[in-house]
Amino acid sequence: MTAKKKKPREYLRDGPDFTGAPLHEKLSETWRDGPGLIGWIKSVDHKSIGKRYLVTAMVFLALGGVLAALMRLQLSGAEQEIIGPDRYNQIFTMHGTTMMFLFAVPVMDAMAIYLVPLMLGTRNTAFPRLNAFSYWMYLAGGSLLWVAFVLNIGPDAGWFSYTPLSGPEYSLGKRIDVWAQMVTFTEVAALAVAVSLTATILKKRAPGMTLARMPIFVWSILVVSLMVIFSMPSVATASGMLLSDRLVGTQFYNSYEYGDSLLWQHLFWFFGHPEVYIIFLPAAGFVSEIVQAYTGRRTFGYTAIVLALCATGLLAFGLWVHHMFTTGLPRLGYAFYTAASMAVAIPAGIQIFCWIATIWTGRPRFMVPLLWVIGFIVTFVIGGLSGVMLASVPLDLQVHDTYFVVAHFHYVLIGGAVFPLLGAITYWFPKFAGRLMSERLGRIGFWLSFLSFHATFFPMHIVGLQGMPRRVYTYPAGMGWETFNLISSIGAVVFAASVALFAVNMLLSLRKGERAADNPWGAPGLEWATASPPAPYNFAHIPIVADNSPLWNEERPVAYGLRVEDREMIVTTAVEAWPDVREPSPEPTAWPLIAALATTVLFVASIFTPWALVIGAPPVAAALVAWFWPKRHHEGEPVIE
Amino acid sequence: MTSEPQFTTDLEPLPTHAFGHRSLTWWGIVAFFLIEGTAFAVAIAAYFYLMNQDQAWPPPPFLPPDLLAGTLFTVLMLLSEVPNTIAKKAAEHEDLKPVRRMLIAASLIGLALMILRAFEFASLNVLWYQNAYGSVVWLLLVLHTAHIATDWVDTLVLTALMHTKHVSGRKFVDCAENAVYWRFVWLTWLPIYALIYWLPRLAG
Amino acid sequence: MKRAAPLLLVLCGAGCGGSQSVAGRDGVQGALIGGLFDVFLWTTAAVYLFVLAYLALALVRGRRHRRDRAGAQGEPAAQAERIWHIGLIAFAGATALILAGLTVATWLTDRALAEAGDAAPLEIEVIGHQWWWEVRYQDPVASRIVRTANELHLPAGRAAHITLKSTDVIHSLWIPNLAGKQDLIPGRIADLSLHPLRTGVFRAQCAEFCGLQHARMALDVTVETPAEFARWYDAQLVPPPAPTGGAALAGFALFQNRQCASCHAVAGTPASGMVAPDLSHVASRRTIAAGTLPTTRDNLMAWVADPQAVKPGNNMPKVPLTEAELAALGAYLETLK
Ligand code: HEA
Ligand code: HEA
Ligand code: CUA
Ligand SMILES: [Cu+2]
C-alpha cells in the first residue's frame with residue numbers, strides 16, 4: 001500500500017469530558033451554514049433545505065389556489081365568458097400540475113427532509129448534496145412552468161396530458177414540451193430526495209432504533225421513497241417518449257405507425273396512481289404522530305399501521321387501470337382492478353380505526369393539530385368511500401370524468417393530505433421556528449377551512465351525478481347546475497381566505513409567536529430532544545434508543561466520540577441499527593447548484609433542439625465531476641486495521 | 001422530563017470507511033440501480049406492449065437488426081467482467097497497483113464499446129421515426145448507451161483520481177462501487193440484447 | 001330513482017332528474033347501474049355513519065379520560081389493549097366482508113350489462129371529431145344508410161349497438177340517462193350498447209377532454225316510439241327539397257360556390273364534403289354546432305356569420321359574407337329539413 005502511513009492524530013471528540021456549552025460552540029462552528037447569500041446558496045443542511053422546500057411548496061400552493069379561484073369565478077354561473085377556452089384550459093392544467101407536481105409531492109418531501117434526520121437522531125441526511133441538488137431542480141422546474149404560463153405558453157392538455165391530444169399533431173407550439181420537461185425536472189428532484197431519504201432511514205438511525213422502533217412517520221416516508229423509486233421512472237420515460245414524438249418524430253403514441261395512445265395512459269397511471277398515495281401516506285404519517293402527542297399515549301396498533309402502510313404501498317402498483325375503465329379494455333382485466341382497488345380500503349380503514357382508538361383510550365387535548373386530525377377523518381373517509389364507488393367499473397362508467405371525480409380527489413387530496421399537513425405544520429412549527437403558532441387564529445382558521453371546504457366540494461358530487469363533465473370552461477344554463485356551482489364558488493372564496501389566514505398565522509407567529517420550549521407538547525419523538533429550533537448539528541451527542549417513545553423514558557443514553565471539528569456522522573446497520581462506521585458528511589458547496597443550472601440549460605434547450613442533449617451533456621458531466629472530486633479537508637483518518 | 005445524558009457507547013473505535021452494504025455509497029448506487037432498472041423495465045414493457053399490438057414484428061418491410069456489431073459488443077461486455085472483478089477485489093484489499101492497471105483496462109474497453117455501439121446503431125435496419133418499432137428499439141439502445149457513457153466517464157475520472165495523491169480508503173470504496181455499477185450495466189444489457197436482436201427473429 | 005330517491009332528494013333537492021343525469025335511469029344499462037349505485041350509496045352511507053359514531057364516542061370518552069387522569073402518559077393496561085386488538089381484527093374483517101360484497105355486486109352488474117345486448121340491435125356508428133359528432137345508421141342496403149351529425153334518434157324498447165371511432169383525439173360518448181360512457185380512441189374501435197326504456201329527450205356530452213371546445217361537444221338524443229323513429233328515419237333517407245324561393249335559391253348557389261360545399265355534404269346536391277357535419281337535414285335538428293345553439297334561422301345566420309365568435313377555436317372558418325349573402329344562406333339552410 002502506497003498511502004503514507006500517518007501517525008494517528010488526536011481529534012477533538014464529544015464525550016463526557018467535552019459536552020455542554022463548549023461543545024455547542026465547536027459543533028455549531030463545524031455544522032453551521034456559511035454567512036450571507038453565498039452561505040445560503042451553499043448550504044447542505046437538511047433543515048435549511050427542508051425549510052426552503054417548504055416555503056417554495058407553499059408559494060406554489062398559493063399560486064395553484066389563485067388559479068382555482070379563477071376557475072371558480074368562471075364556473076360560478078352558466079354561459080360565462082370571463083375566461084376564454086384557451087386560457088381556461090391552461091388554467092386547469094396549470095392548477096392540477098402545480099398542485100400535484102409542485103405542491104403536494106414536494107411539500108411532503110419538505111417535511112421529510114426537515115424531520116426525518118431529527119426523528120432518527122442524526123445530524124444530516126445521507127446524501128446532503130443530493131438534497132441540495134434536488135431543491136434547485138425543483139425550483140428550476142417550477143419556474144420553467146410558471147414563466148411559460150406567464151408567457152402564454154402554459155400547457156393546456158390537463159395534468160395527465162393524454163396523447164394524441166398532447167402529441168405533435170394536436171398540440172402545436174411548445175406548451176406540451178414545457179409540461180413534459182417540467183415533469184422531468186420534478187421527477188429528478190423527487191427521485192433524488194427519495195434516494196437520500198431511503199439511505200438516511202436505513203443507515204442513519206440512532207443506535208438502538210431498530211426498524212420496529214422507528215416513528216410511524218419515518219415508516220411512511222420509507223414506503224413512499226420506495227414508491228417514488230419504482231413509479232417515477234415510468235412517467236419520466238413516458239414523458240421522454242412524448243417529447244421525442246414531438247421533437248424528433250418518433251412514433252410511440254401514433255396509432256397510425258404501429259404506436260398506441262393507450263400506451264401513454266398505462267405508463268402515466270402506472271406512476272399516477274402510486275403518486276396519489278405518495279401524497280397521502282406521509283399525511284397518514286403526520287396523523288399518527290400528532291395523535292400520540294396530543295393523547296399522551298403511543299399510537300394504538302403500531303404494527304398494524306406499519307403493515308397497512310406497506311400494504312398500501314404494494315397495492316398501489318396494481319391499481320392504475322382504474323383510471324382507464326372507460327377505454328374499453330377487456331372486462332376480465334377490469335374485474336381484477338376493481339377488486340384490487342377495493343382492497344386498498346382495508347389498510348386505509350385499519351389506520352382510521354387505530355387513530356380513533358388512540359383518541360378513545362388516550363387523554364386527548366383538543367389543540368389545533370388534533371382538530372385538523374379530526375377534520376381529516378371526517379373528510380377523508382367521505383373521499384375514500386367515493387373512491388370505493390369509483391372503483392366499481394359500472395359506476396365509474398357513469399361518473400368518470402365528471403365533477404363526481406373532481407369531488408372525490410379534492411376530498412382525499414385536501415381532506416386527506418392538506419388537512420393533516422396544516423395540522424403537522426402547526427404541530428412542528430415550534431421546531432421549525434422556535435415559536436408557537438397562535439392557537440386562537442388556528443382555531444378560527446380550522447373551522448373556517450373545514451366548513452368552507454365542504455361547501456366547496458360537496459356540491460360537486462351532485463353536479464357530477466347530474467351530468468356535469470370536468471374540464472369544461474363553461475356550461476349551458478338550465479341543467480340544474482347553476483346553484484351548486486355558485487355554492488362551490490362561494491365556498492372556494494372562503495376556503496382560499498382560510499388558507500390565507502393560515503399563512504398569515506404562520507407569518508405573524510414567526511415574528512411574534514410565543515417562544516417554544518424544546519418539547520412544548522410533551523411528545524415522545526427524538527426530534528423534540530433537540531433545541532427549538534435545533535442547533536445546526538441537531539444533537540450534541542447521538543441519542544441511543546430503546547423503544548419507540550424515547551422521550552417518555554427517564555433515561556437519556558447517548559453515544560459519543562464523533563469528531564467535532566469535522567462533519568462526521570455514524571452509519572448504523574440497516575435492521576438493528578448497530579453503530580457500524582463513522583463517515584464524513586459533506587461540507588457546504590455550490591456544486592449542486594452549478595450542476596442543477598447546467599442540467600437546467602440542457603433540459604430547457606432540449607425543448608428546442610435535440611442537439612442540446614449532446615452539447616449540454618459535457619457541462620453537466622463537468623459539474624458532477626467537480627461535485628464528487630475529493631476535497632482536501634475530507635481526508636479520512638488513517639485506516640484502522 | 002429532560003434529564004442529563006448518560007454516556008454509554010463510545011463511537012471512536014468505529015472504522016471510518018467500509019465496503020459493500022456497510023458503506024453509504026453502496027446504498028446510493030443500489031438506489032440508482034433500482035431507478036434505472038425500473039426505467040429499463042418500463043422501456044421493455046413498452047416494447048412488449050407495442051409488439052403485442054401488431055401481428056408482424058418488425059412490421060414489414062423492415063428487417064431485424066444485423067447481428068454482428070451487437071454480438072461483438074455483447075462478447076466484449078462479458079469479457080470486461082474479468083478486469084472488473086480483479087479491480088473490485090483489488091480495491092477491497094486497497095491494493096493500488098492492480099486497481100490502477102485494471103482501471104486503465106476498463107477505460108480502454110469502454111472506448112472500444114462506444115465504438116462498437118456506433119456500429120450497432122448503424123445495423124438496426126430501421127430509423128427511430130419510421131414507425132413505433134423503430135422508436136422503441138432506438139429507445140432501448142439510447143437508454144443503454146447513456147449508461148455505458150456514464151460509467152465510462154465515471155471510470156475515466158476514477159482512473160485519473162487513482163493516479164493522483166487523493167488516494168484514500170474511501171476512494172477504494174468508490175472503485176469497488178464503480179465495479180458494482182459496471183456489473184449492473186452489463187447485466188441489463190443481456191435482456192436488451194435478446195430483445196433487440198433475437199426477439200424480432202423469433203417472433204418475426 | 002326508486003329506493004335511493006329519498007336520499008338523493010336530500011342530496012340534490014329537486015334537480016336530480018333531468019335530461020343529462022345519472023339519476024334518470026331511462027335505459028336498461030342506466031337502470032342496472034342505478035341499482036348498483038343504490039347499493040353502494042346505502043352501504044357507504046352506513047359505513048360513514050358508523051365511523052362518525054365511533055369517532056364521536058371516542059371524542060366523548062377521550063374528554064372524560066382527560067378529566068379523570070390528566071397528565072399521565074402511556075397506554076392502558078395490556079388487558080384493555082387486547083380488547084382493542086380484537087376490535088381491530090373485527091373491524092378489518094368486516095371491512096373485507098363489505099368490500100367483498102360490493103365487489104360481487106359489481107361483477108354481477110357487469111355481467112348483466114354484458115348480457116343486456118339484443119339479438120338484432122340497431123347498428124349505429126358514431127365518430128368523434130374535434131368538436132362534433134358524426135353519426136351513421138348502418139344498413140346492409142347502402143341506400144338505407146343514414147348520415148347525420150350531433151343528434152341521435154333511438155326507438156324506445158329496442159337495443160342499439162354503437163360502434164365508436166375517432167379520427168383525431170380521444171372523445172367519450174356519454175348519455176347518462178341511458179348508460180355509462182365509452183371512449184372513442186383513434187386507431188381503436190370500441191362499442192357501447194344502449195337500450196332505452198322510455199321516450200324522452202336527453203342530452204349527451206363529450207366526457208373526455210379533447211381540446212379547446214370540449215365544453216361544447218354535445219349530442220342531442222331523442223328516444224321516440226318505434227313509429228316515430230321509423231318516420232324520422234325515412235325522412236332522413238329523402239334528400240331535402242330543392243330550394244324554391246329566390247333567397248333560398250341564392251343561398252343554395254352560395255353554398256355550392258363558396259367554401260361550404262368543400263367541407264359539408266347536402267344529399268341530392270353536389271355538396272359532398274366529408275370533414276364537417278352533414279347538413280342535409282340540419283334544420284330539422286334541435287341544435288347546431290354540437291348543442292351550442294338552438295336551431296333557428298337567426299342562430300344559423302349568427303353561426304355562419306362568425307363561427308369563431310359563437311364557439312371559439314372550432315374548425316369552421318369565418319367565410320366573409322355580405323349581409324345579403326348571409327340572409328340568403330340563412331334562408332337556404334332553413335329549408336334543409
Ligand atoms: C390523496 C390522494 C388519493 C387517495 C388517498 C385516493 C384514494 C382512493 N381512490 Fe382516488 N383519486 C385521486 C386521489 C386519491 N385517491 C385522484 C387525484 C384522482 C383523479 C385523477 C384525475 O383523474 O385527475 C383519483 C381517481 C380515482 C379513480 C378514477 C376515477 C375516474 O377517473 O373515473 C378511482 C377509481 O377506482 C379511485 C379510487 C380510489 C380508491 C378506491 C381509494 C382508496 O384508497 C380509498 C380508501 C379509503 C377508504 C375507503 C376510507 C376509509 C376506510 C374505512 C372507514 C373502512 C371501511 C370502508 C368500507 C367497508 C368501504 N380514485
Ligand atoms: C393537492 C392538490 C389540489 C388542491 C389543494 C386543490 C385545491 C383546489 N381545487 Fe383543484 N384540482 C387538483 C388538485 C388540487 N386542487 C387536480 C389534480 C385537478 C385536476 C386538473 C386536471 O383536470 O387536469 C384539480 C381540478 C380542479 C377543478 C376542476 C377543473 C375542471 O375540471 O375544469 C376545480 C373546480 O372547481 C378545482 C377547484 C379547486 C379549489 C377551489 C381548490 C381550493 O382548495 C384552493 C384553495 C386556495 C388556496 C389554497 C390559495 C390560498 C392562498 C392565497 C389566496 C394567497 C395567500 C398566500 C400567502 C399569503 C402566502 N380543482
Ligand atoms: Cu370531445 Cu371532449
Ligand atoms: Cu388511482
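Which helices of chain B each supply at least two residues of the lining of the largest cavity? They are helix 3 (81-92), helix 4 (96-122), helix 5 (132-162) and helix 6 (169-203).

## Basis of the values

This is a predicted model, in which local features need pLDDT of at least 70 and side-chain atom pairs count only at pLDDT 80 or more, while totals for chains, interfaces and linings use all residues. Residues are numbered from 1 along each chain as its sequence is written, chains are lettered from A and ligands numbered from 1 in the order in which they are written, and side-chain values use heavy atoms, with hydrogens and water left out.

## Largest cavity

Nine cavities of 30 Å³ or more are found in a search of the whole structure. A cavity here is a set of points, on a 1 Å grid over the protein atoms alone, where a 1.4 Å probe fits but cannot get out; lining residues have an atom within 4 Å of a point. The largest one holds about 210 Å³ of space, the volume being that filled by probe spheres set on the points, which are joined across faces, edges and corners.

Its lining has 19 residues, and B:Asn84, B:Ala106, B:Thr155, B:Asn178 and B:Trp182 lie nearest the centre. Helix 4 of chain B gives the most, six residues. Helices are DSSP runs (H or I, at least four residues), numbered from the N terminus. By class the lining has twelve nonpolar, five polar and two charged residues. Nonpolar covers Ala, Val, Leu, Ile, Met, Phe, Trp, Tyr, Cys and Pro; charged covers Asp, Glu, Lys and Arg; the others, Gly among them, are polar.

## Shell around ligand 2

The shell around ligand 2 has 31 residues, with A:Arg72, A:Tyr88, A:His95, A:His410 and A:Arg471 coming nearest; a residue belongs if one of its heavy atoms lies within 4 Å. Of the shell, 23 residues are nonpolar, five polar and three charged.

Oxygen atoms of ligand 2 lie 2.8 Å from a side-chain N or O atom of A:Arg72, 2.6 Å from a polar side-chain atom of A:Tyr88 and 2.6 Å from a polar backbone atom of A:Arg471.

## Copper site

A:His273 (ND1), A:His322 (NE2) and A:His323 (NE2) coordinate the copper ion (ligand 4) at 1.9 to 2.1 Å. Donors are N, O and S atoms within 2.8 Å of the metal (3.2 Å for Na, K and Ca); water is not among the atoms, so sites may look incomplete. The donor residues are spaced H-x48-H-H in sequence, and the iron atom of ligand 1 is 4.6 Å from the copper ion.

A:His273 lies in helix 8 (residues 261-295) of chain A and A:His322 in the loop between helix 9 (302-315) and helix 10 (331-343), so the pair ties together parts 49 residues apart in sequence.

Note on methods: A polar contact is a pair of N or O atoms within 3.5 Å; within protein, one must be able to donate a hydrogen and the other to accept it, and residues adjacent in sequence count only if both atoms are side-chain atoms. On a 1 Å grid over the protein atoms alone, a cavity is a set of points where a 1.4 Å probe fits but cannot get out, and a pocket is an open set with protein on both sides within 12 Å along at least five of seven lines; lining residues have an atom within 4 Å of a point.
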